[in-house]
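Subject: Structure handover

Hi,

Here is the structure for you to look over.

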Amino acid sequence: MGFVHHAAQYALGALLLAFLLRAFLSRGKVIRRNGEPLRKPSDTLPLVGNGIQFLQARWKLFGWFDKCQRQFGYETIAVTVPTLPPGVIIHDPRNLEYVFKHEGVFTKGTFVKGRSWDLFGNGIINADGELWKTQRKAGLSFLTTANIRVLTDVALPQHLFESVSDLKQREGGATVDLQHVFHEITTKVMGKMAYNMDMHADDEFSKSFDYASGGTAERFQNPLWFITEIFLGAKLRASIAVVKEFGDRIVSSAVNDRESQKARDSAGFAEDESKLDQISGSLIQSLLDAIGDQTMVADAALTYLSAGRDTTGQALTWTFYLLMRHPEVAAKVRKEVQQLFEDRKLPSSTTEADFDPTLFTPAAMPYAMAVFYEALRLFPPIPFEIRQCTEDVTLPDGTFLPRHSVLVWCIWAMQRSKLTWGEDANDFRPERFLDADGKLVSRSASEFPVFYGGPRTCLGRKMAEAIAVQVIPTMMWLFDFAPVDDRERVSKTSLTLPMEGGLPVTVETRRRV
Ligand code: HEM
């Protein structure tokens, strides 16, 4: 105990020295706007700055960012956390657009990479330069229009109906965790299509990944994480080890697939394959072709898995949370389904036998899409971003940032801005994404940055939308869901936005419409 105490004291002393040294070396070049220092949040304290706010639960931290945007509007403000480089919080979509357009100037830098390296290594989220380009290209060859077609026509309906029949077994009062239901669908879809593997939300890997994501996210809030983890990080290290081991399994399974595919090709069996079989594993095969080094391929595979399944599963969970709280919106989704059936002269049946979810496309279901966007706006699966400047730069609002400054934007808070979304910014109102004719209206990436923007914009947006636009109407048409309690749901600490405690509901089949 004495040793721990002394070690912590020495480490704190060293950090303070490093902090003072950095302040000394960087004197002369400081964050300024029109020659003046930036305003700070009103609860900024001497010495610790905003460090205390960053130590609170992440959900509360979002509330703090929201308070800042309400107080300062679009103004860029200073943020100070001891031991970290000087930084700002941006709120103005013009500044964000500039960041998206100047990707090379605003990179993840040592600040982000240092914290997420253990989990993602060289995965696309952490990669820059050639390695990033290679992984993005591999992703593009996986997320083609033709493959998304196989997703919507074959893979998704199959896994969606497996979940539908599970839900039917559990009607009549049993508690079902809807977050788990959606996570299972997205895990199976990504597992099969990207890696040609049977994956499930209950796998040990999934649980370890959850824990590792939470532990990695905490590093962004705790400036002394590298010290506290020496003593308290055993579970995080063990979880990361399980995740890494799973990454290696993905790669060896892909190498085996390659060998058996060669054998099948030479035996002339390939023609018997279904469309899904033909594309299964195409992401991991492209990554193997492009990168070669198997450790890097494993990093890339794990990053894609997290980017694809967690975000989409969580977005659906928040969507259904909102739908249960807004029955008038749920009724409009059902009305849109009913109208589609009438237009196509199809029976409005609630049995799966003559129910075809492939009818539900973004073009056919603008209202359901608007519901999804509105849920993403209020509960963005990637709620908060950090970048570091690689050179001195001046933002469009005149804020000067010296090299190495940190730039933070909280999407969760920006999406509640009344300046961007109007007086009802805090309300769930899907109509804001529709024009007077009921057609979808698009918002610029800088105003609606939930899928990021610029050259590093989300690669999987179309895939996520294709999944959502089938899952939302199918589930809403076939079932009535009711929350087991009225508690306001919050997110637990994670790199994404999982719902704390899941979304417990009861479920009833809709027998008559
Ligand atoms: C609702 C669902 C989704 C949301 C809200 C979302 C959001 C985002 C955001 C904000 C980023 C930027 C992250 C960063 O660099 O810090 C991103 C990047 C990325 N997303 Fe998504 N995403 C979703 C679904 C998907 C899906 C289904 C895939 C498919 C595999 C995917 C693949 C990727 C990839 C590969 C990147 C990295 C792009 C790059 O760095 O060039 N995403 N996504």
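**The ligand site**

The shell around the ligand divides into 14 nonpolar, four polar and five charged residues. In this count Ala, Val, Leu, Ile, Met, Phe, Trp, Tyr, Cys and Pro are nonpolar, Asp, Glu, Lys and Arg are charged, and the others, Gly among them, are polar.

Two points on the source. This is a predicted model, where local features need pLDDT of at least 70, side-chain atom pairs count only at pLDDT 80 or more, and totals for chains, interfaces and linings use all residues. Residues are numbered from 1 along each chain as its sequence is written, and side-chain values use heavy atoms, with hydrogens and water left out.

There are 23 residues around the ligand. A residue counts as near if one of its heavy atoms lies within 4 Å. K108, W132, R136, E385 and C458 come nearest.

Three elements, α6 (129–142), α14 and β6 (384–389), each supply at least two residues of the shell. The largest share is from α14, with five residues. Helices (H or I, at least four residues) and strands (E, at least two) are DSSP runs, numbered from the N terminus.

Now the iron. Its single donor from the protein is C458 (SG), 2.3 Å away. Donors are N, O and S atoms within 2.8 Å of the metal (3.2 Å for Na, K and Ca); water is not among the atoms, so sites may look incomplete. C458 is found in the loop between α18 (418–421) and α19 (461–478).

- W132, at 2.7 Å
- R136, at 2.6 Å
- R387, at 3.4 Å

**Helix contacts of α14**

The axes of α14 (residues 294–325) and α16 (residues 366–378) come within 9 Å and cross at roughly 105 degrees. Axes are lines fitted to C-alpha atoms, for helices over the stretch in contact, and angles run from 0 to 180 degrees between N-to-C directions. So α14 is roughly perpendicular to α16 (65 to 115 degrees). A315, T319, L322 and L323 of α14 meet V371, F372, A375 and L376 of α16. Contact means heavy atoms within 4.5 Å. Seven of these residues are nonpolar, one is polar and none is charged.

The axes of α9 (residues 204–219) and α14 come within 12 Å and cross at roughly 85 degrees. This pair is therefore roughly perpendicular as well. F205, S206 and F209 of α9 contact L302, L305, S306, R309 and D310 of α14.

Best wishes

Conventions: Angles under 35 degrees count as roughly parallel, over 145 as roughly antiparallel, 65 to 115 as roughly perpendicular and the rest as oblique. A polar contact is a pair of N or O atoms within 3.5 Å; within protein, one must be able to donate a hydrogen and the other to accept it, and residues adjacent in sequence count only if both atoms are side-chain atoms.
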